[in-house]
Amino acid sequence: MKTIDEHFVSTMEAHQPSGDQQRVSGHAADLRALFTAQAQSRHLDFAARWLQAKGQGYYTIGSAGHESNAVLGLVSRVTDPALLHYRSGGFYAARAGLAGSEHGIADVLASLTSATNDPMSGGRHKVFGHPGLHIIPQTSTIASHIPRAVGLAYALGMARAASDETPWPDDAIVLCSFGDASANHSTAAGAFNAAAYLHHRGLDCPVLLVCEDNDIGISTRTPPGWTEAALRNIPGLPYWYADGAEPASLLEVASEAVSSVRESRSPAVLHLKTVRFMGHAGSDAEIAYRTQSEILSDYNRDPLLRTAFSLVNGGIMTASEVVEKYEDARDHVMRGAENILDTPRLASRDSVMSPLALPEAAPAEPVVPSHAARQQIWGRELPEDGKPLTLAQSINATLADQMAADQRVLVFGEDVSVKGGVYGVTRGLRKRFGGRRIFDTLLDEQTILGTALGAALAGYVPVPEIQYLAYLHNAEDQLRGEAATLRFFSAGQYHNGMVVRVAGLAYQKGFGGHFHNDNSLSVLRDIPGVILAVPSHPAEAPGLLRTCFELARSDGRVCVFLEPIALYHTRDLHQKGDSGWTAAYPPPQAPHAATPLGEIARHGAGKDVLLVTFGNGVPMSLRAADTLAESGVHSTVVDLRWLAPLPEAALRRVAADFEAVMVVDETRRSGGVSEAVTTSLIDGGYRGRLSRVTSADSFLPLGPAAETVLLSEDEIIRAVHELLE
């Protein structure tokens, strides 16, 4: 069986023109450009296999058979942001050509070989991306980039309506490509639904969703007609179908689809029929699940061959000129591949992790609203002049001041706008700032976070709310695989700074069961680069939240602000009426209005034992400390406040002054915060008595039974006595 390379050359050498000038009339220049991009992409796939055989290439998922996607790179504008499928090599080559770049081939070769001169990731991953080409890097393995694409399109529409600046022109559209197998993923389904929902509401969302359909996902066949049925029936979204083996009509359909989205500012679907050559990747033995005749039948649908036929039949080029151009592409690519052998690669832990490294300098001083702006939103009485606030009230006041200070701040999520949040934390914000800047979303966490990801790219400072911690698991890949990886895959050239508010943790007196009392934080603590803050007291919340805003705004950081639900409306610490869990609001213009990353809070001066805790554990530990004092045990309580990264340096400094440390952890014993805290102390050389007390390894039941698996104050007291025995 001939390879696809041999088949192309032999077929073109034997081809006789049939005379099809009328069909390609007006497309001569586009067909030439299309073939150039397709040939470059095809030979880059061959080079990937060659480099792998040399031990110099590390990625062999190619675009062979999908090169018809190059048409999107030709009919769109360089200034249209694109989020691409991993088989969209033709698009990349076409856009590089359209931009006049001479480095498109070198870019991809550097990425294939993990070279440090890869202009996008700096050698960290094979991605299609380039700031100068407005291609935003994605791994796009399971369509996880589609919610971001829809979010970006929505943000472009919002910016256009408000005359807000973005990195793109007012009439830019978003292009997003993905595979037919990935179109079945819940992430894709949610994004399609969100696009349709925005269109139904008459809101701008200029995104062209391009499904590159090759009928197979690795080895699993897509049922005939399924992809068309699924894509054609997305409510309200225009549907275009284009056959990648018919280049003239492909150019016409793609142009029409792009123009329609640009003019209507509405989402649409382009169903692009493709084939797949050379298997899923270099390690895939395609013959194990496809017959030889099936593979050979696809050869006649080769997009390069069909574009070449159009060029020859239309009298634009001769067959020998086409073969010569094809071989020129081979020579160009292979010279580049040979020149990149033994290229420098990342060779140290620090160099690999540099995009994730936290800034050495403290973030800029918080953006402070003017006095006039504050008077406009607060009226006569500023929050610092009123009564002491609860945790919920202090968060609300801080959000309001941030929105007054920065027009780019957007607050959104389920029930946050009209209702003001399930617990009233965002109450009054819509009245102050309007429905454009604080709005309710679909009940879909993937859409909420995808909206944030897109809005951040457009220059906004999004504040998405996840209504309950347990709901985050529905969409954790939007944080793990999309938000956190962007600066890593782009070597810090792209950011999506945001402040994700999450209501969570337990101690709601049995209300709601597990889904409203989730006490597991491991999903947030092991994502590289994500910052996790947990406020406990209303005096602490504003400073922590302001720092999160500045890290998101000035350094593009993904920050999660986890708010303990049980403490939202708590007023007292020891007894009714003591107001021990309220505090005066620290105004944004006050000295030290923000709490530096890694700074802990210390309560008390006892020397017998150090209680290290966070969240609900802080009031519990303070009450336990008072009870312990009655028996002669004097303690100090430390509130970690920052759980990712842990404030290790500050913690070790404090612990060094104590002969005994008890870690009080309301999360589960396995995978909980205490594991990391105790490990950090041991790694730091702590040699005193060290123990931990935690909640059980259990989901939380409904009702009073919740108390049986949650850490209690009595357990804290008992554990301290056992530690000191």
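1. In this predicted model, the second largest pocket has a volume of about 430 Å³. It is lined by 22 residues, and those closest to its centre are Y154, L198, R201, L203 and F439. Two or more lining residues come from each of α7 (146–162), α8 (186–200), β9 (438–440) and α18 (445–457), with α7 giving the largest share, four residues. The lining of this pocket consists of eleven nonpolar, six polar and five charged residues.

2. The largest pocket holds about 680 Å³ of space. Among its 26 lining residues, Y507, Q508, K509, A566 and R623 are the closest to the centre. Helix α23 (residues 617–630) gives the most to this lining, three residues. By class, the lining has 13 nonpolar, eight polar and five charged residues.

3. Eleven aromatic pairs are found in the whole structure. In one of them, the ring centres of F277 and Y299 are 5.7 Å apart and the planes stand at 90°, so the pair is edge-to-face. F277 is in the loop between β7 (268–273) and α11 (292–299), and Y299 is in helix α11, so the pair ties together parts 22 residues apart in sequence. Both F277 and Y299 are buried.

4. The rings of Y423 and Y568 have centres 5.5 Å apart and planes at 40°; the pair is therefore tilted. Y423 counts as buried at 16% relative accessibility, and Y568 is buried with a relative accessible area of 2%.

5. Two charges sit over rings. The charged end of R124 is over the ring of F488, 5.9 Å from its centre. K607 lies over the face of F658, 5.6 Å from the ring centre.

Methods
Residues numbered from 1 in each chain as written. Predicted model: local features only at pLDDT ≥ 70, side-chain atom pairs only at ≥ 80, totals over all residues. Heavy atoms only, no water. 1 Å grid on protein atoms, 1.4 Å probe; cavity = no way out; pocket = protein on both sides within 12 Å on 5 of 7 lines; lining within 4 Å. Points joined across faces, edges and corners; volume = space filled by probe spheres on them. Nonpolar A, V, L, I, M, F, W, Y, C, P; charged D, E, K, R; others polar. Phe/Tyr/Trp six-rings, centres within 6.5 Å; stacked < 30°, edge-to-face > 60°. Buried < 20%, exposed > 50% of the residue type's maximum accessible area, 1.4 Å probe, protein only. Lys NZ or Arg CZ within 6 Å of the ring centre and 35° of its normal.
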